[in-house]
Amino acid sequence: MSVGGQTQTKPETTRWICVPCGFIYDPEEGDPDSGIGPGTPFEDIPDDWMCPICGATKADFRELEPGEFRRTEDAES
Amino acid sequence: MITGYGHFVQLAESLQWDETDIVYSADREAWPQLTKSENAKVLGLIAGFVIAETSVSGQLGSYQAAASRDDAMEAVFRAQARDEARHARFFDLVSAEVACVPGANPAARRDALRAHVSTEFVDLFEERLPATAQRLAEDHEGLTAAVGLYHMVIEGVVLLAGQHAMLDALEGLSVGLPGLRKGMELVLRDERWHIGFGSRIVQSAAIGRDEADALLEQGETAAKVWGDLITTDAIETAVRQHRRRLKAAGIKFW
């Protein structure tokens, strides 16, 4: 996107990683299988939600730092 | 989406534990006080873990060799092999020192324990898994399918269901087995990253419809190998989680 001659990049949404298994919760995708629709921030997920990979709880997740895990490059490494 | 392989190596390094550091004295005193049904349940689950962990720790070398073209992946298999060997030692230690299973060595105790699990269970771990590992040793291209059986079905369905069943059983016992509980919690902690690692490999592979269907079917069949040792509800939960895990790993069902 270009505004006023300057390129604007869409701010990266905050993603969360399940520390025990490495699953990354991406708010843009949500977790539709568990009724968590796309666009749902991690903070708004019910407390009894569990990691779809390992079954860990929300408390086992931590926030990813911006750029800590790039969607395409790291996923292919 | 699952994180990169580096996460698992770092995680594994931070989660190391030693089965001989766990104190089993209270367990040894409590074991003779278990009721007959409690004894049958806990000993049956221990038997399953002894057989399963011994088998998986013995087969992982084929997986590591098949991953040798990818240093990062191979390093994770190496870390997992260290965990699986520890798990096998832990369950053998419990069977020998707490449950007083007869036998002068792990192989002899394992022989004594086979009678406590179903023939399907023994077949899965002592026939099918070694056969898969042998095929992988001969053809490294079969790594994804082998991981599908090992990590997604055996670890994600069979062992995870058994671990939850054991923790539930320990919670309801008339006496406490704190050493066994402590070790089970640590094993479960390790298994979570093993399953994440397997999901990461599957995520990277192009899984077709036939393979996806086979993985689902294998999971549904494997969930039942514990027989009466785990409840019908636990089996259904394990199958439901299996399907959800496969989808989260990027496998599409039609």
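How much area is buried between chain A and chain B, and what percentage of that do carbon and sulfur atoms give? I looked this up before anything else. The area buried between the two chains comes to about 1,800 Å², with carbon and sulfur atoms giving 53% of it. A reminder to myself: this is a predicted model.

**Entry 1: the A–B interface**

I listed the contacts next. On one side I have 26 residues of chain A, and they are in contact with 22 residues of chain B. For polar links I get 10 residue pairs in polar contact between the chains, both partners at pLDDT 80 or more. Which elements of chain A give two or more residues to the side that touches chain B? They are strand 3 (16–18) and helix 1 (73–76) of chain A. Helix 1 of chain A gives the most, with 3 residues. By residue type, the side of chain A that touches chain B splits into 16 nonpolar, 4 polar and 6 charged.

Then the charges. I count 2 salt bridges between chain A and chain B. I wrote down the one between the side chains of A:Asp31 and B:Arg244, at 2.6 Å from N to O.

**Entry 2: chain A by itself**

Chain A has 5 strands and 1 helix. Reading from the N terminus, I get the order β-β-β-β-β-α. Of its 77 residues, 40% count as buried. I also checked how far apart in sequence the contacts reach. Among contacts in chain A with a separation of 6 or more, 46% come from residues 24 or more positions apart. Chain A exposes about 4,500 Å², and carbon and sulfur atoms supply 51% of that.

Over all chains, a search of the whole structure turns up 15 salt bridges. I followed a few of those in chain B.

B:Arg86 pairs with B:Asp190, with the closest N and O atoms 3.3 Å apart. This one links distant parts of the chain: B:Arg86 is in helix 4 of chain B and B:Asp190 in helix 8 (residues 178–204), 104 residues apart. Buried or exposed, I asked of B:Arg86 and B:Asp190? Both B:Arg86 and B:Asp190 are buried.

B:Arg109 forms a salt bridge with B:Asp92, and here the closest N and O atoms are 2.8 Å apart. B:Arg109 has 10% relative accessibility, so it counts as buried. B:Asp92 is buried too, with a relative accessible area of 13%.

B:Glu126 and B:Arg114 make another salt bridge, with the closest N and O atoms 2.9 Å apart. B:Glu126 is in helix 6 (residues 119–138) of chain B, while B:Arg114 is in the loop between helix 5 and helix 6, 12 residues away. B:Glu126 is partly exposed, with a relative accessible area of 25%. B:Arg114 also counts as partly exposed, at 25% relative accessibility.

One last item for this entry: B:Asp83, B:Arg86 and B:Asp190 are joined into one network by salt bridges that share partners.

**Entry 3: B:Ser95**

I picked B:Ser95, which has its place in helix 4 (residues 71–97) of chain B. Why does B:Ser95 count as buried? Its relative accessible area is 0%, so it falls under the 20% limit for buried. What does its side chain find there? A polar atom of the B:Ser95 side chain lies 2.8 Å from the backbone oxygen of B:Asp92. That is the B:Asp92 of the salt bridge with B:Arg109. Leaving aside neighbours within four places in sequence, B:Ser95 is in contact with B:Ile46, B:Val50, B:Cys100, B:Val101, B:Arg109 and B:Leu113. So B:Arg109 turns up here as well, itself buried at 10% relative accessibility.

**Entry 4: B:His151**

B:His151 lies in helix 7 (residues 143–171) of chain B. It counts as buried because its relative accessibility is 0%. Which side chain does the B:His151 side chain make a polar contact with? The partner is the side chain of B:Gln80, at 2.9 Å. Not counting residues up to four places away in sequence, B:His151 touches B:Phe77, B:Gln80, B:Gly156, B:His194, B:Ile195, B:Phe197 and B:Gly198.

Key: Residues are numbered from 1 along each chain as its sequence is written. Chains are lettered from A and ligands numbered from 1 in the order in which they are written. This is a predicted model: local features need pLDDT of at least 70, side-chain atom pairs count only at pLDDT 80 or more; totals for chains, interfaces and linings use all residues. Side-chain values use heavy atoms; hydrogens and water are left out. Contact means heavy atoms within 4.5 Å. Buried area is the accessible area (1.4 Å probe) that two parts lose on being put together, summed over both. A salt bridge is a side-chain nitrogen of Lys or Arg within 4 Å of a carboxyl oxygen of Asp or Glu. A polar contact is a pair of N or O atoms within 3.5 Å; within protein, one must be able to donate a hydrogen and the other to accept it, and residues adjacent in sequence count only if both atoms are side-chain atoms. Helices (H or I, at least four residues) and strands (E, at least two) are DSSP runs, numbered from the N terminus. Ala, Val, Leu, Ile, Met, Phe, Trp, Tyr, Cys and Pro count as nonpolar, Asp, Glu, Lys and Arg as charged, and the others, Gly among them, as polar. Buried means under 20% relative accessible area, exposed over 50%, partly exposed in between (1.4 Å probe, protein chains only). Accessible areas come from the Shrake-Rupley method with a 1.4 Å probe; for residues, only the protein chains shown count as cover.
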